[in-house]
Amino acid sequence: MQKKTPDYDNVFKTMKMKHKRLFISVINDVFGKNYPLDVKVDVLPSEGYLTENETADGSKEIEEQVSDFLIKIRDEVYLLECQSYDDGSMAIRIAEYAFIVARQFAVWDIGKATIPMPQFTVIYVKRTEKTPKATTITFTFPDGQSVDYKSDNVILEELTREYIIEKKLFPYIPFYIARYEKDIVSGNDIEAAVDDLTFFRNEIIRLHNESGLSDLEMTDLIGFIKTIITHITNGNKNEERLVNIMGGIIIETESERLMRQGMEQGEAKMLIRLGQKNGLSDAAILDGLQEEIGVSIERAEAYLQQYGKQT
């Protein structure tokens, strides 16, 4: 039986508190923006709202919830809501969030008020037959006017691992494994999950080494992935194997990275000069750089252009 814990919510909330920078790429991707990754990000205060939930015995109870993520970049306000399941009250909750924001940024004078609504999206961790492609709130007025306030939803199961890495959508990575929940819980073939976790582990390490992720961002991302794994497996036979894929990663410090880069550059310069002195072709030198110091073809070409004699 699944754990009755708010691990999905906790991971998302911890990310928004500690790593708001990682959400800039999500904003860019969802809303078609092009903010630089070092743009100033302001997390707006969230206020509670009331929701009615059904208890185990079928009765109703009122709970106070907190909106997921209100974020301000420059003059734009965005609302990101993370959902692990279909919820019939989502549209009205988005409306409540939107008016919380509108109240903060409304402009008014005698007889007039302008209420700016934030851009929003709902991020669905898991998909069912009922998961909507979009969320629409229709405002109707006594004079017959009707306005649709609409946004496409993000359904993580529709995104490939390659797309997530290409667009640097790091907040999505911990939840990616949720698409294999049924197989993991039932003990069926989990090789696809293993392959995807291995892919993300390798890409996280690569991006960290290339300064795309800080030490803390890398450490926490891996920790978030493990949290979701243990939530889904709940101690079953697949837990140890899946968790171990993400384990044992040694984080390279900034000083170590700079030292490694310096040594790599020195080796590359020596190999290029020796290769040209011995009359090797550029192709042979590039092959040697890749084989001897383990750099990519792109980096080998950059070193050859930097240190080689132009012929």
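Where is the place of D287? Its place is in helix α10, and the legends below visit that spot along with several others. This is a predicted model, in which local features need pLDDT of at least 70, side-chain atom pairs count only at pLDDT 80 or more, and totals for chains, interfaces and linings use all residues. Residues are numbered from 1 along each chain as its sequence is written, and side-chain values use heavy atoms, with hydrogens and water left out.

**View 1. A patch of negative charge gathers on the surface.** Look here for E267, D287, E291 and E292. Helix α10 (residues 282-293) gives the largest share of this patch, three residues. Helices (H or I, at least four residues) and strands (E, at least two) are DSSP runs, numbered from the N terminus. A patch takes residues with over 30% relative accessible area and no salt bridge; like charges are joined within 9 Å, and nonpolar side chains (Val, Leu, Ile, Met, Phe, Trp, Tyr) within 5 Å. Asp and Glu count as negative and Lys and Arg as positive, while His and the chain ends are not counted. D287 is partly exposed, with a relative accessible area of 48%. Buried means under 20% relative accessible area, exposed over 50%, and partly exposed in between (1.4 Å probe, protein chains only).

**View 2. Five strands form an open sheet with mixed pairing.** Follow the order β1-β4-β5-β8-β11 across the sheet. At its edges are β1 (42-43) and β11 (154-155), each pairing on one side only. Two strands pair if DSSP finds at least two bridges between them. Strands β8 and β11 run parallel and are joined by two bridges; here Y124 stands opposite I155 in β11.

**View 3. Strand β5 is largely enclosed by the rest of the structure.** Why is that said of β5? Seven of its eight residues (the strand spans 76-83) are buried, so the rest of the structure largely encloses the strand. Strand β4 (residues 69-73) runs antiparallel to β5, and five bridges join the two; K72 has V77 in β5 as its bridge partner. Two residues lie between the strands of this hairpin, where R74 takes a positive phi near 55°. Six bridges join β5 to strand β8 (residues 119-124), and this pair runs parallel. Y78 has its bridge partner, Q119, in β8.

**View 4. R161 forms salt bridges with E162, with D195 and with D196.** Side chains of opposite charge can pair when their charged atoms come close. A salt bridge is a side-chain nitrogen of Lys or Arg within 4 Å of a carboxyl oxygen of Asp or Glu. R161 counts as buried, at 17% relative accessibility. Its closest N and O atoms with E162 are 3.0 Å apart, and E162 is partly exposed at 42%. For D195 and R161 the closest N and O atoms are 2.8 Å apart. D195 lies in helix α6 (residues 191-209) and R161 in helix α4 (residues 161-166), so this pair ties together parts that are 34 residues apart in sequence. D195 counts as partly exposed, at 41% relative accessibility. The closest N and O atoms of D196 and R161 are 2.8 Å apart; this pair also links distant parts of the chain, 35 residues apart. D196 is buried, with a relative accessible area of 6%.

**View 5. Four residues are linked in a network of salt bridges.** Here you meet R127, K133, E157 and E158. Across the whole structure, a search finds 15 salt bridges.

Conventions. Accessible areas come from the Shrake-Rupley method with a 1.4 Å probe; for residues, only the protein chains shown count as cover. The place of a charge is taken as NZ of Lys, CZ of Arg, CG of Asp or CD of Glu.
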